[in-house]
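Hi,

Here is the structure I promised to pass on. Have a look first, and my notes follow below.

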Amino acid sequence: MKLKIFWILNLMKKYLDNFYLNLFLSFTWILLSLYSFFTKASPPKFPIIFLNDKFFHFIIFFVMTYLLLITLKSSRLNYNFQSKIILLILILIFSFLIEFLQSLTTYRSFELEDIFFNFLGIFVCYFVKIK
């Protein structure tokens with residue numbers, strides 16, 4: 001039984017180290033997040049703080065940062081401090097750009113709290129992510 005579990009873990013590691021799979025997952029997540037940020041349907045209002053709109057901003061950018069860091073790590077580019085900082089700056093610009101573009105629509109608005117939780121998701125992921 002132990003041998004079977006190790007085989008499954010090795011298979012998962014093999015696929016998680018695949019650059020093209022990580023790239024696909026990253027772009028799919030980015031497209032889904034863009035769709036969620038620009039749909040007309042507003043998220044339901046929950047009384048619980050963890051199900052608030054800001055929590056979703058945090059989760060979306062946390063996962064996006066994680067996927068992009070994994071993609072960078074599995075690519076042929078140098079996975080060093082400088083490349084990670086450049087990636088984080090690009091994600092921060094993307095976050096600000098999304099909020100700005102939402103202000104141009106009639107059904108969404110620019111909110112500083114959204115940018116704060118986007119940034120928080122990015123930085124928490126960066127500092128939690130191991131190596």
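**What I found**

The chain exposes about 9400 Å², with carbon and sulfur atoms supplying 75% of it (Shrake-Rupley method, 1.4 Å probe; for residues, only the protein chains shown count as cover). This is a predicted model, in which local features need pLDDT of at least 70 and side-chain atom pairs count only at pLDDT 80 or more, while totals for chains, interfaces and linings use all residues. Residues are numbered from 1 along each chain as its sequence is written, and side-chain values use heavy atoms, leaving out hydrogens and water.

There are five helices and zero strands (DSSP runs, numbered from the N terminus: helices are H or I with at least four residues, strands E with at least two). Of the 131 residues, 31% count as buried (under 20% relative accessible area; exposed is over 50%, partly exposed in between; 1.4 Å probe, protein chains only).

Helix 5 buries Asp114, Ile115, Asn118, Gly121, Ile122, Cys125 and Tyr126. These fall within an arc of 125 degrees seen down the helix axis, so they line one face (the arc uses directions from the axis to the C-beta atoms). On the other side of helix 5, Leu112, Phe116, Phe127 and Val128 are exposed.

Best wishes
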